[in-house]
Amino acid sequence: MLENYLPVLMFIIVGLVFGALPLIAGFVLGPRRPHPEKQAPYECGFEAFEDSRMKFDVRYYLVALLFILFDLEIAFLFPWAVVLEDIGLFGIAAMGLFVGLLVIGLLYEWQKGALEWE
Amino acid sequence: MEQVIFYLFAGVLLFAATMVISVRNPVYAALFLVLAFFNAAVLWVLVGAEFLGLALIVVYVGAVMVLFLFVLMMLDVNTAAMREGFTRYLPVGVVVAGLMLLQLIVVILSEQVDLIGGLIPEPSAEVDNVHAIGQVLYTAYVYPFEIAAVILLLAIVAAISLTMRRQRPNTQRQDVPKQLSVTKEQRLRLVQIDKKNRRHTSDT
């Protein structure tokens with residue numbers, strides 16, 4: 001079973017090397033002549049004048065939250081689709097109830113206007 | 001070979017988990033948490049829980065961490081003020097950590113938990129993990145499964161009722177049918193310009 005994951009391991013290693021090597025090469029080979037002006041943070045030529053942390057509309061979190069919930073629903077659909085032939089009608093009914101309950105949630109958020117952006 | 005991989009990823013996991021609670025910038029802490037999730041997923045795949053490992057990446061790294069980063073990057077967090085409360089909240093934190101440790105010990109030391117619908121088959125070449133989960137999740141464990149749907153529904157309703165409480169008066173909605181059904185007469189006004197006294201003859 002684990003042999004199937006060998007390509008994944010290879011990808012992890014290749015990805016790490018591919019990401020780390022240019023950084024290390026730049027760090028080792030690049031000339032380093034630091035200067036206080038050069039190292040100062042700036043935004044578009046200006047000095048940074050405020051913290052990037054600021055209050056945002058709560059709707060951004062709402063979008064992320066709703067995404068998590070429906071993401072979980074999809075996660076439940078995967079094993080169901082794999083074993084659908086074995087569990088038959090009962091499985092379809094079980095998933096029907098599951099999705100039906102979440103459709104109520106979808107209708108609720110639709111009706112409440114949570115899907116609309118103002 | 002499997003042992004080497006296990007210790008490698010477990011080591012990175014411990015390192016990342018330590019960095020999550022010790023690093024100063026909360027955004028870095030969240031990114032280390034992503035690293036910890038990835039390594040935990042690898043460990044789960046190593047013990048045969050393939051589906052859980054992949055679900056960890058999809059759900060936690062893909063969705064939960066997005067929310068965490070949203071909150072961390074957008075919230076007006078004063079990191080200095082947060083650090084002040086460290087000793088004040090220490091007793092509560094110790095109690096919570098102790099409870100979690102106790103739960104873990106109880107779970108690990110306990111006998112095999114009662115399973116309805118027979119034992120879950122060991123993942124092997126014939127029965128893979130996703131099959132094994134699917135065989136029991138939608139049949140023997142259908143009641144907890146539907147309860148999960150109710151909890152998700154509850155979360156949807158709670159999230160909406162918490163964030164959509166007040167109607168903002170001066171927000172503008174986009175009404176697509178209205179935009180599409182607009183005609184030329186409603187938007188365009190042809191103005192005759194008098195050539196002699198060159199001024200705009202705006203009639204309103």
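Predicted model: local features only at pLDDT ≥ 70, side-chain atom pairs only at ≥ 80, totals over all residues.
**Entry 1: ground rules.** I number residues from 1 along each chain as its sequence is written, with chains lettered from A and ligands numbered from 1 in the order in which they are written.

**Entry 2: chain A.** I looked up the secondary structure and found 4 helices and 2 strands in chain A, following the pattern α-α-β-β-α-α along the sequence. Helices (H or I, at least four residues) and strands (E, at least two) are DSSP runs, numbered from the N terminus. I then checked confidence, for which pLDDT is the predictor's score for each residue, from 0 to 100. Chain A averages a pLDDT of 84, and 86% of the residues score at least 70. Among the elements of chain A, helix 1 (residues 6-29) has the highest mean pLDDT (92) and strand 2 (residues 46-47) the lowest (64).

For burial I call a residue buried if 20 or more other C-beta atoms lie within 10 Å of its own, exposed if 12 or fewer, and partly exposed in between, with C-beta atoms placed from the backbone. On that count, buried residues make up 15% of the 118 residues in chain A.

**Entry 3: chain B.** I found 9 helices and 0 strands in chain B, and buried residues make up 15% of its 204 residues. For contacts I require that the C-beta atoms of two residues, placed from the backbone, lie within 7 Å. Among contacts in chain B between residues at least 6 apart in sequence, 46% join residues at least 24 apart.

Entry 4: Tyr60(A) is found in helix 3 of chain A and is partly exposed, because 14 other C-beta atoms lie within 10 Å. I also noted that the C-alpha atoms of Tyr60(A) and Asn4(A), 56 residues apart in sequence, are 39 Å apart in space. Tyr60(B) lies in helix 3 of chain B and is buried, because 20 other C-beta atoms lie within 10 Å. Leaving aside neighbours within four places in sequence, Tyr60(B) is in contact with Phe37(B) and Met65(B).

**Entry 5: where the chains meet.** The contact takes 45 residues from chain A and 45 residues from chain B. On the side of chain A that touches chain B, helix 3 (59-82) and helix 4 (84-112) each supply at least two residues, and helix 3 gives the most, with 18 residues. I sorted the residues of that side into 33 nonpolar, 2 polar and 10 charged, where Ala, Val, Leu, Ile, Met, Phe, Trp, Tyr, Cys and Pro count as nonpolar, Asp, Glu, Lys and Arg as charged, and the others, Gly among them, as polar.

**Entry 6: helix pairs across the contact.** I take axes as lines fitted to C-alpha atoms, for helices over the stretch in contact, and angles between N-to-C directions from 0 to 180 degrees. Angles under 35 degrees count as roughly parallel, over 145 as roughly antiparallel, 65 to 115 as roughly perpendicular and the rest as oblique. Helix 4 of chain A and helix 7 of chain B pack at an angle of about 5°, with their axes 9 Å apart, and are therefore roughly parallel to each other. By class, their contact has 16 nonpolar, 1 polar and 3 charged residues.

Helix 3 of chain A and helix 6 of chain B pack at about 95°, with axes 8 Å apart, which makes them roughly perpendicular. Phe78(A), Pro79(A), Trp80(A) and Val82(A) meet Val130(B), His131(B), Ile133(B), Gly134(B) and Leu137(B) there. I also noted that 7 of the 9 residues of helix 6 of chain B are buried, so this helix is largely enclosed by the rest of the structure.

**Entry 7: the core.** A nonpolar core is a set of buried Ala, Val, Leu, Ile, Met, Phe, Trp, Tyr and Cys residues joined through C-beta atoms within 7 Å. The largest has 38 residues, and Phe98(A), Phe37(B) and Tyr138(B) have the most contacts inside it. Helix 2 of chain B gives the most to this core, with 7 residues. Not counting residues up to four places away in sequence, Tyr138(B) touches Trp80(A), Ile87(A), Gly91(A), Ala94(A), Met95(A) and Phe145(B).
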